[in-house]
Amino acid sequence: VSNAHRLRRKLAWIARRAFSMLRGRLSLTPADVVIQIDDVEGMEKYSEQEKADRCKLASFYRLVGLWGWDQLVYNHITLRLTEDSRSYLINPLGLTFSEITASSLVKVNIDGDIIDPGSTSLGINFTGYCLHSAIHSARDDVRCVAHVHTPPGAGVSCMKSGFMMISQEAMTVGDVAYHDYMGLITTDEEKEILQRDVGSTTNLLVLRNHGLVTMADTIEECFRILYDAVRACEIQI
């Protein structure tokens, strides 16, 4: 069964479940809603530090899903591993953010080649990863990159005024930069343009007519910037 077929089945299941919930036909229990995040205990192939990295990143995914900032199985949060700066963690293509666990995260190199598929065989969204790899390769100080398409964030990205410093939340995100929408990053030229727009100090990158990208040296700070950026966009809208 191809990954595309698995994805179609997954999306169909999500749609059926959502409609059932809306019509009151599904009685949810805590076991239905919450999937254990820390499922790497006892896995000897991962160091204690990598286990911690995986648990933190999986928790980031869960928080984004909890706040409703995810978009089905798309969008990504990546992390440069603490002990191996040449390896990165990313979500497998086919799981919703509420299903991400520490073991399901996929380990890749900067080119997107899979080093460890994690606990699934789903692979990754390579074209989506290209945005993250471009930032990681240009910014050694950045360990975590998050990309979302929240409606307020996408709305602000479409405004001529851009991200306005009109709220406390907006003032706390740090340096803001802009990148004109060029579609998927598929060429070295497009990658170089993105890297030039990101610069050396950007914390929030507004992708014109697209969405938001936050970046930081820790998972915690990347989430904090994302939280404030999303709230600032909601206030602005």
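Guide: Gladly, and please keep in mind that this is a predicted model. Let's start with Cys-144, which counts as buried at 0% relative accessibility.

Visitor: What makes Cys-144 buried?

Guide: The label requires under 20% relative accessible area, and Cys-144 has 0%, so it is buried. Cys-233 is likewise buried, with a relative accessible area of 0%.

Visitor: Let's turn to charges. How many salt bridges does a search of the whole structure find?

Guide: The search finds 12. One of them joins the side chains of Lys-107 and Glu-50.

Visitor: How do you know that Lys-107 and Glu-50 meet in a salt bridge?

Guide: The cut-off is 4 Å from a side-chain nitrogen of Lys or Arg to a carboxyl oxygen of Asp or Glu. For Lys-107 and Glu-50 the N to O distance is 3.1 Å, so the pair qualifies. Lys-107 lies in strand 3 (residues 106-108) and Glu-50 in helix 3 (residues 48-66), so this bridge ties together parts 57 residues apart in sequence.

Visitor: Are these two side chains buried or exposed?

Guide: Both fall under the 20% limit for buried: Lys-107 is buried with a relative accessible area of 13%, and Glu-50 is buried with 8%. The two also belong to a network of salt bridges that links Lys-45, Glu-50, Arg-54, Lys-107 and Asp-116.

Visitor: Which residue forms a salt bridge with Glu-220?

Guide: Lys-56 does, with the closest N and O atoms 3.0 Å apart. This pair links distant parts of the chain, with Glu-220 in helix 8 (residues 219-236) and Lys-56 in helix 3, 164 residues apart.

Visitor: Why is Glu-220 called partly exposed?

Guide: That label covers the range between under 20% and over 50%. Glu-220 has 44% relative accessibility, so it counts as partly exposed. Lys-56, at 43%, counts as partly exposed too.

Visitor: What separates Glu-221 and Arg-224 along helix 8?

Guide: They are three residues apart in helix 8, which means a separation of about one helical turn. Glu-221 is partly exposed at 30%, and Arg-224 is partly exposed at 28%.

Visitor: Which residues form a nonpolar patch on the surface?

Guide: Leu-63, Leu-66 and Trp-67 do, and together they have about 310 Å² of accessible area. Trp-67 sits in the loop between helix 3 and strand 1 (76-80). A patch residue needs over 30% relative accessible area; Trp-67 has 39%, so it passes and counts as partly exposed.

Visitor: How do you know that strand 6 pairs with strand 7?

Guide: Pairing takes at least two bridges. Four bridges join strand 6 to strand 7 (residues 204-207), so they pair, and they run parallel. Ala-177, on the covered face of strand 6 (residues 176-179) with His-179, has Leu-205 in strand 7 as its bridge partner. The chain crosses from strand 6 through helix 7 (residues 188-198) to strand 7 in a right-handed β-α-β crossover.

Key
Residues are numbered from 1 along each chain as its sequence is written. This is a predicted model: local features need pLDDT of at least 70, side-chain atom pairs count only at pLDDT 80 or more; totals for chains, interfaces and linings use all residues. Side-chain values use heavy atoms; hydrogens and water are left out. Buried means under 20% relative accessible area, exposed over 50%, partly exposed in between (1.4 Å probe, protein chains only). Helices (H or I, at least four residues) and strands (E, at least two) are DSSP runs, numbered from the N terminus. Patches are made of residues with over 30% relative accessible area and no salt bridge: like charges are joined within 9 Å, nonpolar side chains (Val, Leu, Ile, Met, Phe, Trp, Tyr) within 5 Å. Accessible areas come from the Shrake-Rupley method with a 1.4 Å probe; for residues, only the protein chains shown count as cover. A crossover is right-handed if, with the strands pointing away from the viewer, the path from the first strand over the helix to the second runs clockwise.
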